[in-house]
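Here are my notes on the model, as numbered points. Please read them with the structure open.

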Amino acid sequence: MQTARRKEQGLLEAVMAALTGRQGPQGKPAADRRFAIRINVNIEAELVDQGRRHCTVMLTNLSITGCRFETDHPLRMHAPVTLTIDGVAPIHGEIVWAEGHLFGCHFVEALSPTICNRIIRTLRERQERR
């Protein structure tokens, strides 16, 4: 089952590369290998780190494979984390980069289009309430 998911993810990345015209050889930095389209967001989420400490973070961009968020909470590289966004099941990931109060998180499993749509719908509903 894991192999099927890897193949599906590889196919999805190839399609995204074709659509965006981006290439990503394995020898390049992670930022240069990204194929998933990232959308800028401004969503509060709850984060639980490996020490089971809870904190609120602000997601600033999101893709099916990961996100960028801001927090004052200190996090270690490669630390496993769990993000919770209203209306969405917990998302498990790993910290892959850090720059000051900004962090990059790679999701253990790519988000389905259904989950992405739910997150975007939640964001729109919050904006409409303002």
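**Notes on the predicted model**

1. Start with Asp-49. Asp-49 is buried, its relative accessible area being 3%. That falls in the buried class because the cut-off is under 20%. The model is a predicted one, so side-chain atom pairs are counted only at pLDDT 80 or more.

2. Asp-49 has a charged partner. A salt bridge links Asp-49 to Arg-53, with 2.7 Å between the closest N and O atoms. Arg-53 is partly exposed, at a relative accessible area of 43%. The count of salt bridges comes to one. As background, side chains of opposite charge can pair when their charged atoms come close.

3. Strand S1 covers residues 39-48 and strand S2 residues 54-62. They pair in the antiparallel sense over eight bridges. Glu-46 has Thr-56 in S2 as its bridge partner. Five residues lie between the two strands, and in this hairpin Arg-52 takes a positive phi near 65 degrees.

4. On to S2 and S3. These strands run antiparallel and are joined by four bridges. The hairpin between S2 and S3 passes through three residues. Met-58 stands opposite Glu-70 in S3.

5. His-78 is not a glycine, yet its phi is near 65 degrees. Where does His-78 sit? Its place is the loop between strand S3 (66-70) and strand S4 (80-84). His-78 is exposed, with a relative accessible area of 52%. The cut-off for exposed is over 50%, so His-78 falls in that class.

6. Now the overall fold. The protein has three helices and six strands. Along the sequence the pattern reads α-α-β-β-β-β-β-β-α. The six strands close into a barrel with antiparallel pairing, in the order S1-S2-S3-S6-S5-S4. From one strand to the next, the twist averages 45 degrees.

7. Which strands pair over three bridges? S1 and S4 do, in the antiparallel sense. Leu-47 stands opposite Leu-83 in S4. Helix H3 (residues 113-129) packs on the sheet, where H3 touches S1, S2 and strand S5 (91-99). The direction of H3 makes about 100 degrees with that of S1.

8. Then the core. The largest nonpolar core has 28 residues. Those with the most contacts inside this core are Leu-59, Phe-69, Leu-83, Leu-111 and Ile-119. Two or more core residues come from each of S1, S2, S3, S4, S5, strand S6 (102-107) and H3. In soluble globular proteins, nonpolar side chains tend to be buried together.

9. Neighbours within four places in sequence are set aside here. Beyond these, Ile-119 is in contact with Ile-43, Leu-62, Ile-85, Val-88, Ile-91 and Leu-111. Leu-111 is also listed among the core residues with the most contacts.

10. Last, the totals. Of the protein's 130 residues, 36% count as buried. Among contacts with a separation of 6 or more, 46% come from residues 24 or more positions apart. The accessible surface is about 8600 Å², and 51% of this surface belongs to carbon and sulfur atoms.

Notes: Residues numbered from 1 in each chain as written. Predicted model: local features only at pLDDT ≥ 70, side-chain atom pairs only at ≥ 80, totals over all residues. Heavy atoms only, no water. Buried < 20%, exposed > 50% of the residue type's maximum accessible area, 1.4 Å probe, protein only. Pairing = 2+ DSSP bridges. Salt bridge = Lys/Arg side-chain N within 4 Å of Asp/Glu carboxyl O. Contact = heavy atoms within 4.5 Å. Areas by Shrake-Rupley, 256 points an atom, 1.4 Å probe, with all protein chains shown as cover. Axes fitted to C-alpha atoms, helices over the stretch in contact; angles between N-to-C directions. Core = buried A, V, L, I, M, F, W, Y, C linked by side-chain atoms within 4.5 Å.
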